[in-house]
Amino acid sequence: MPSRHALLATVTAATLLGAAAAGGCATRPPRRAVTTSASRSEVTQPSSTTPSTSTPTRRPSSPAVAPPAPDPARTALARMTLAQRVGQLFMVGSPATSPSPATLAAVSRLHVGNVMLTGRSYAGTAAPARTARALRANATAAGVGMFVATDQEGGQVQVLQGPGIPAMPAALSQGGMAPARLQALAGGWGRQLRAAGVNLDLAPVLDVVPGAAAARTNPPVGALGREYGYTPATVASHGLAFAAGMRSVGVDVAVKHFPGLGRVHQNTDTSARVTDEVTTRHDPFLVPFAAAVRAGAPFVMISTATYTRVDPARPAAFSPTVIGGMLRHDLGFGGVVISDDLANARQVSAWTPGARAVGFLSAGGDMVLVVDAAPVAAMQRAVLARAGADATFRAKVDAAALRVLRAKAAAHLLP
């Protein structure tokens, strides 16, 4: 179990992020205060000498009950066809430098509702902003905006650079800063993303690597300096400070890679049969994710590694135990569950594209991330076919689409 110091640090970090998400964003208007009915007026009781024929005191009339405000997410969902609902459940990659024709086609023909800027761009804010505008212009769901995401962590994982977007330090260096300083810097990095047309950062990494020596044998995180430190407390305090800074300027975050890639010895992007033989369902290394959920993180990204002490039969992205049990039930997460890449990752190459998408959504996921548009058509066909034949799966599609639309409503992407 985490130490008392670790828990105090995560509570402080969670308070930081919660405060930034609730009221720190200059681009998002504060919630309008609800005005209660007028204060109760004092009624003077008649004295005992008042004649019985006097006019009785009038009682104030009951205030009119205002009808409930419409739910913009439900309204948007009700207007969508099944194909448009399924489209909201995909995020498809395009090079940041210019829009991919295949991704433009996926947006316009397959109703894909979210995109990711990939690769490396050194052209500053102008080129990715043009790419984002072109992709948004092809959206088919009237009035429903897009999440435009990228990987902007720092160090070796920074898609956007160039004029107006200087190089960011790696997370391990960020972990040496005071959390308040990191939060302020992340706010500046978030403003750069906004200028580049991005409103969702697939960061921060909340995986805990158990030490500097372990980092050298941990290809996906430690070998690249993507960890904020080597304890759950440090990762929580600094990862949440990064997230708070981003959210304070209107950029949503996706904390990753639940339930953690800090103790594997292969990279799921380039290797198959990647397993974690250490993590348990109530592992102390889950503390940063629990803190992020308490603080209101809108997205959590699911790893594709297999966790043998949790669900040895399947990767986490296809596991109801990991998504429905650990994340939804144990941590109480009600936001959008996004997968790690299900297009090119070697870890999932044994499954057909359609089986990957259906398996992730069946397990309780909400948004299928595919960094390459090539498999999207097959994935969409499989999801539509299953939704048409299976009422239980159709209900999961509708519930997932509603969660995505609620995240969009919170991000001011709905009418």
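How many bridges join strand β1 (residues 90–95) to β12? Three bridges join this pair, whose strands run parallel. The views below come from a predicted model, in which local features need pLDDT of at least 70 and side-chain atom pairs count only at pLDDT 80 or more, while totals for chains, interfaces and linings use all residues. Residues are numbered from 1 along each chain as its sequence is written, and side-chain values use heavy atoms, with hydrogens and water left out.

View 1. Eight strands, in the order β11-β9-β7-β6-β3-β2-β1-β12, form an open sheet with parallel pairing (strands are DSSP runs of E with at least two residues, and helices are runs of H or I with at least four, numbered from the N terminus; two strands pair if DSSP finds at least two bridges between them). β11 (336–339) and β12 (368–370) stand at the edges with a single partner strand each, so one side of each has no neighbour in the sheet.

**View 2. β1, β12 and helix α13.** Phe-90 has Val-368 in β12 as its bridge partner. Helix α13 (residues 376–389) packs on the sheet, where α13 touches β1 and β12 and its direction makes about 175° with that of β1 (contact means heavy atoms within 4.5 Å; angles run from 0 to 180 degrees between N-to-C directions, and axes are lines fitted to C-alpha atoms, for helices over the stretch in contact).

**View 3. Helices α9 and α10.** Helix α9 (residues 232–248) packs with helix α10 (residues 287–294) at an angle of about 35°, and their axes are 8 Å apart. Pro-232, Val-235, Ala-236 and Leu-240 in α9 meet Val-287, Pro-288, Ala-291 and Ala-292 in α10.
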